[in-house]
Amino acid sequence: MQNVPQLKSQARVFVHQKMEIAEWIGFETRNKYEILDQQQVPLAYAAEQGRGFIQQIFRQFLGHWRTFEILFFTLDRQVFLKATHPFRWYFQRLELSEPTGRYLGVVEKRFAILHKSFAVLDAGGQVLLEVSSPIWKLWTFPFKKQDREVAVIRKKWAGLLTEALTDKDKFLVEFNDPNLREDERHLILAAAIFIDMQYFEKKAGN
């Protein structure tokens, strides 16, 4: 497929959630994101699917526990990745695949008490990367391979009013290891959205 962003050439990318007016009054809308390079030039887009009435009800009352699908688009609106979030009360996960059906792997939440913890698994279910965000670094998520940090995702401050009233979040994704494979980079990119949905989206009932 032409125009698929090559993350191998990017040392860092930004993931910006796009806000809709309804969010100012507490109404949860479909999550949409813009993916930018380090010069703030658009590379791709991602958008949650599901426009129907039932999906709207689930979005308002089930929050991040709901089943949803997010598609990643090239600049010419061609789908190049699909992320699926099955319904789970705990140990939630985001499964990533290509439109051809090739399975890339999964981002899966792990049990933790005083920190945020999840793992990135490959298509065969083997752990590729582990993430543990301590309580004193609530907005920093280091990705480690054999105790070596190979990438990090940082949530950026969006301003007091925006942080208080909306879900408009901004993330910096840094690829610290130039040897990361493209599949691994795609999984880390998907993890930025997983982090947003798990830890920063307003929860059901709030």
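Good morning. I begin with phenylalanine 118, which counts as buried at 1% relative accessibility. Please bear in mind that this is a predicted model. Phenylalanine 141 also counts as buried, at 0% relative accessibility.

These two residues form an aromatic pair. Their ring centres are 6.5 Å apart and their planes make an angle of 40°, a tilted arrangement. As for position in the chain, phenylalanine 118 belongs to strand E8, residues 115–122, while phenylalanine 141 belongs to strand E10, residues 140–145.

I turn now to the structure as a whole, where a search finds five aromatic pairs. One of them joins phenylalanine 72 and phenylalanine 80, with ring centres 6.2 Å apart. The planes of these two rings stand at 65°, and an angle over 60 degrees counts as edge-to-face, so the pair is placed in that class. Are the two partners buried or exposed? Phenylalanine 72 is buried, with a relative accessible area of 1%, and phenylalanine 80 counts as buried at 6%.

Finally, I come to charges over rings. The charged end of arginine 77 lies over the ring of tyrosine 45, at 4.6 Å from the ring centre. In a further case, the charged end of lysine 155 is found over the ring of tryptophan 139, and here the distance to the centre is 4.1 Å. Thank you for your attention.

Conventions. Residues numbered from 1 in each chain as written. Predicted model: local features only at pLDDT ≥ 70, side-chain atom pairs only at ≥ 80, totals over all residues. Heavy atoms only, no water. Phe/Tyr/Trp six-rings, centres within 6.5 Å; stacked < 30°, edge-to-face > 60°. Buried < 20%, exposed > 50% of the residue type's maximum accessible area, 1.4 Å probe, protein only. Helix = DSSP H or I, 4+ residues; strand = E, 2+ residues; numbered from the N terminus. Lys NZ or Arg CZ within 6 Å of the ring centre and 35° of its normal.
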